[in-house]
Amino acid sequence: ALNYTMQQKQFNNRLTERLIELASTSGYVFDPDSFTFVTIRDRIRCYFKSYVQSRKKRGVIIGYAARKAGLLGVKEVEKKASGS
């Protein structure tokens, strides 16, 4: 298994912060007794992990595996991650 890098953790934290802000500006509030920052972040991670596994079963390679297979370069991954 690959180690969870600091870069991945920072990305996931920023993604979670943005989701919470978007929910708030849209009138949604997470119940603080049920949804801490960590539980929200972990649910996002689980969702995307399931998504990647599902795509992999269908023969679509995405994320780190696509880069490792040479289908995407580092610059393409960084470009997609930054939203450019």
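Residues are classed by relative accessible area: buried means under 20%, exposed over 50%, and partly exposed in between (1.4 Å probe, protein chains only). The structure is a predicted model, in which local features need pLDDT of at least 70 and side-chain atom pairs count only at pLDDT 80 or more, while totals for chains, interfaces and linings use all residues. Residues are numbered from 1 along each chain as its sequence is written, and side-chain values use heavy atoms, with hydrogens and water left out.

The chain contains four helices and zero strands. Helices (H or I, at least four residues) and strands (E, at least two) are DSSP runs, numbered from the N terminus. The order of elements from the N terminus is α-α-α-α. Of the 84 residues in the chain, 10% are buried. Contacts are defined by heavy atoms within 4.5 Å. Among contacts with a separation of 6 or more, 41% join residues 24 or more positions apart.

Confidence is given by pLDDT, the predictor's score for each residue, from 0 to 100. The chain average is 80, and 68% of the residues score at least 70. Helix H1 has the highest mean pLDDT among the elements, at 93. The lowest mean, 57, belongs to helix H4 (residues 74–82).

Helix H2 covers residues 37–57, 21 residues in total. From first C-alpha to last, H2 reaches 31 Å, close to the 30 Å expected at 1.5 Å a residue. The expected span is 1.5 Å times one less than the number of residues. Three residues of H2 are buried: Ile40, Arg41 and Ile44. Seen down the axis of H2, the buried residues fall within an arc of 100 degrees, so they line one face of the helix. The arc is taken from the directions from the helix axis to the C-beta atoms. This buried set packs against helix H1 (6–25). On the other side of H2, Arg43, Cys46, Lys49, Lys56 and Lys57 are exposed. Gly59 follows H2 and has a positive phi, near 85 degrees.

Arg41 is located in helix H2. Its relative accessibility is 13%, so Arg41 counts as buried. Beyond neighbours within four places in sequence, Arg41 is in contact with Lys9, Asn12, Asn13 and Thr16. Arg45 also lies in helix H2. With a relative accessible area of 35%, Arg45 is partly exposed. Not counting residues up to four places away in sequence, Arg45 touches Tyr4 and Asn12. The C-alpha atoms of Arg45 and Thr16 are separated by 9.7 Å, and these residues are 29 apart along the chain.

Charged pairs were then considered. Side chains of opposite charge can pair when their charged atoms come close. A salt bridge requires a side-chain nitrogen of Lys or Arg within 4 Å of a carboxyl oxygen of Asp or Glu. By this rule the count is one salt bridge. Asp42 forms a salt bridge with Arg41, with the closest N and O atoms 3.7 Å apart. Asp42 is partly exposed, at 30% relative accessible area.

Aromatic rings of Phe, Tyr and Trp (its six-membered ring) pair if their centres lie within 6.5 Å; planes under 30 degrees apart count as stacked, over 60 as edge-to-face and the rest as tilted. This rule gives two aromatic pairs. The rings of Tyr47 and Phe48 have centres 5.1 Å apart and planes at 80 degrees, so the pair is edge-to-face. Tyr47 is exposed, with a relative accessible area of 52%. Phe48 is partly exposed, at 43% relative accessibility.
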